[in-house]
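Hi,

Here is the structure I promised to pass on. Have a look at it first, and then read my notes below.

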Amino acid sequence: MATATLTETATSKFAQTGAVSNNIKVHYNEAGTGDAVIFLHGSGPGASSWSNFARNVGPFSDKYRALLVDQPGYNKTDVRVIEEGETRSQVNGNAVVGLMDALNIEKATLIGNSMGGATALNVAVDFPDRVEKLVLMGSGSGGGANIFNQQPTEGIKVL
């Protein structure tokens with residue numbers, strides 16, 4: 001896909017997920033062909049995968065099927081109420097798997113920023129056969145313990 005056509009509007013799509021994610025409508029942006037790489041945004045006001053990863057979609061779409069997925073309750077994806085006994089990461093992870101099912105994606109590489117990293121980890125734990133590789137960025141608070149540093153870190157101790 002030519003870089004000039006890689007706009008949010010030109011790549012915007014929706015898919016209806018199945019029971020694994022309570023039948024929600026998920027918004028995503030898609031460009032390229034090949035093995036699937038799913039980008040998962042962090043949290044915060046106005047967060048979306050396009051806002052987090054727009055500068056990456058062009059280079060990745062040259063070789064991969066790049067999907068920038070809006071997680072439940074963000075941007076144009078349906079809100080999904082978290083029920084008792086569930087976590088945000090489970091709800092988001094189930095939405096990712098629901099989208100993969102809807103798009104006939106058997107296995108994907110997941111790239112997660114902050115909350116998106118926690119989502120990616122949840123998919124890897126609950127659906128390990130659906131994950132090719134994980135790339136996690138800034139997922140320390142949402143993604144679990146940092147295995148490379150003693151906890152709590154010196155900075156957290158100062159705070």
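Predicted model: local features only at pLDDT ≥ 70, side-chain atom pairs only at ≥ 80, totals over all residues.

Residues are numbered from 1 along each chain as its sequence is written, and side-chain values use heavy atoms, with hydrogens and water left out.

**The aromatic residues**

Phe-39 belongs to strand S3 (residues 36-40) and Phe-53 to helix H2 (residues 49-61), so the pair ties together parts that are 14 residues apart in sequence. (Helices, H or I with at least four residues, and strands, E with at least two, are DSSP runs numbered from the N terminus.) Phe-39 is buried too, with a relative accessible area of 1%.

Another pair is Phe-60 with Tyr-64: their ring centres are 6.2 Å apart and their planes are at 40°, so this one is tilted as well. Buried or exposed, or something in between? Phe-60 is partly exposed at 26%, and Tyr-64 is partly exposed at 27% relative accessibility. Phe-39, Phe-53, Phe-60 and Tyr-64 form one aromatic cluster.

One more ring to look at is that of Phe-14: the charged end of Lys-25 sits over it, 4.8 Å from its centre. (A charge sits over a ring if NZ of Lys or CZ of Arg is within 6 Å of the ring centre and within 35 degrees of the ring normal.)

**The overall picture**

Stepping back, the protein has 5 helices and 6 strands, and along the sequence they follow the pattern α-β-β-β-α-β-α-β-α-β-α. Of the 159 residues, 43% are buried. Looking at contacts between residues at least 6 apart in sequence, 64% join residues at least 24 apart (contact means heavy atoms within 4.5 Å).

How do helix H3 (residues 88-102) and helix H4 (residues 115-126) meet? Their axes come within 8 Å and cross at roughly 70°, so H3 and H4 are roughly perpendicular to each other. (Axes are lines fitted to C-alpha atoms, for helices over the stretch in contact, and angles run from 0 to 180 degrees between N-to-C directions; under 35 degrees is roughly parallel, over 145 roughly antiparallel, 65 to 115 roughly perpendicular and the rest oblique.) Among the residues making the contact are Val-96 and Val-97 of H3 and Met-115 and Asn-122 of H4. The residues of this contact divide into 5 nonpolar, 6 polar and 2 charged (Ala, Val, Leu, Ile, Met, Phe, Trp, Tyr, Cys and Pro are nonpolar, Asp, Glu, Lys and Arg charged, and the others, Gly among them, polar).

**Two loops**

The loop between H3 and strand S5 (108-113) holds Ile-105, which is buried at 6% relative accessibility. Leaving aside neighbours within four places in sequence, Ile-105 is in contact with Ala-36, Arg-65, Leu-67, Met-100 and Arg-130. Ile-105 and Asp-35 are 70 residues apart in sequence and 9.0 Å apart in space, C-alpha to C-alpha.

Leu-103 is also in the loop between H3 and S5 and is buried at 16% relative accessibility. Not counting residues up to four places away in sequence, Leu-103 touches Ala-15, Tyr-28, Arg-65 and Leu-67.

Then there is the loop between strand S1 (12-16) and strand S2 (25-31), where Asn-22 lies. Asn-22 has a positive phi of about 60° although it is not a glycine, and it is partly exposed at 37% relative accessibility. Asn-23 sits in the loop between S1 and S2 as well; its phi is near 55°, a positive value in a residue other than glycine.

Cheers

Note on methods
Buried < 20%, exposed > 50% of the residue type's maximum accessible area, 1.4 Å probe, protein only. Phe/Tyr/Trp six-rings, centres within 6.5 Å; stacked < 30°, edge-to-face > 60°.
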